[in-house]
Amino acid sequence: MTSNSSRRRTLCIGSRGGVGRAVCALLERRPDLLERAPTEMFLLDAQSEPEVARPFGAQVLPPLKLDGTSLRRLLRELEIQELIDCSTLDTAIAIDAAVETNTDYLSTSISTDNLTTHVAVERLYAGVPATKNSLLVCSGMNPGIVNALAFAGMDAFAKRVGVEANPRALELQSLLVT
């Protein structure tokens with residue numbers, strides 16, 4: 001992969017599913033949510049419908065059902081630095097592809113073949129690969145990405161009101177993490 005620190009290429013897979021459409025719509029309305037905005041963004045799904053928001057002027061790629069081999073090939077060909085996974089591709093397969101191509105990885109929810117979430121999480125923890133890139137895997141309902149965003153939201157709220165980012169300083173009565 002060619003390294004260019006001023007360029008940030010992002011691929012969102014599963015972009016036409018419910019979570020993928022929500023992530024794209026959110027990023028289109030609030031591009032400031034990302035610490036470092038992509039200079040180029042690509043959207044991919046196995047389906048050709050429905051239409052999807054195009055954050056950061058994203059290019060919609062032709063439909064493709066991914067497996068580990070095709071994902072690694074695509075990450076290399078497009079020189080992707082960041083993979084946002086909203087797909088049903090097995091999370092362990094996507095992580096392996098990200099590690100092999102030195103790609104940062106964000107999963108909105110663990111996806112496996114017929115495993116319960118807690119079993120899938122245990123399987124992922126047991127096989128965490130050695131890597132220097134970021135691997136953020138969320139799990140749970142509604143989707144799991146909410147877990148990561150709860151604390152980001154608390155930080156943003158604290159900055160706006162000028163207090164520390166903790167429940168007591170913010171006078172929060174409860175903080176729900178799904």
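Close-up 1. The model is a predicted one, in which local features need pLDDT of at least 70 and side-chain atom pairs count only at pLDDT 80 or more, while totals for chains, interfaces and linings use all residues. Residues are numbered from 1 along each chain as its sequence is written, and side-chain values use heavy atoms, with hydrogens and water left out. A search of the whole structure finds zero disulfides. Cys-24, too, is in no disulfide, and the nearest cysteine sulfur, which belongs to Cys-12, is 4.4 Å away. Cys-86 is buried, with a relative accessible area of 12%, and Cys-24 is buried with a value of 0%; buried means under 20% relative accessible area, exposed over 50%, and partly exposed in between, with a 1.4 Å probe and protein chains only.

**Close-up 2. The buried side of helix H1.** Gly-20, Val-23, Cys-24 and Leu-27 are buried in H1. They cover an arc of only 95° around the axis, which puts them on the same side of H1; the arc is that of the directions from the helix axis to the C-beta atoms. Helix H1 comprises the twelve residues 18-29, which at 1.5 Å a residue should span 16 Å, and the 17 Å between its end C-alpha atoms agrees with this. The expected span is 1.5 Å times one less than the number of residues, and helices (H or I, at least four residues) and strands (E, at least two) are DSSP runs numbered from the N terminus.

Close-up 3. Most residues other than glycine have a negative phi, and most peptide bonds are trans. The peptide bond from Glu-49 to Pro-50, however, is cis, with omega near -5°, and Pro-50 lies in the loop between strand E2 (40-44) and strand E3 (59-60). Glu-79, although not a glycine, has a positive phi of about 55°, and this residue sits in the loop between helix H2 (68-77) and strand E4 (82-85). Asn-102, also not a glycine, has a positive phi of about 55° and is found in the loop between helix H3 (91-100) and strand E5 (104-107).

**Close-up 4. Phe-157 in helix H5.** Phe-157 lies in helix H5, which covers residues 145-161. This phenylalanine is partly exposed, with a relative accessible area of 38%.

Note on methods. A disulfide is a pair of cysteine sulfur atoms within 2.5 Å.
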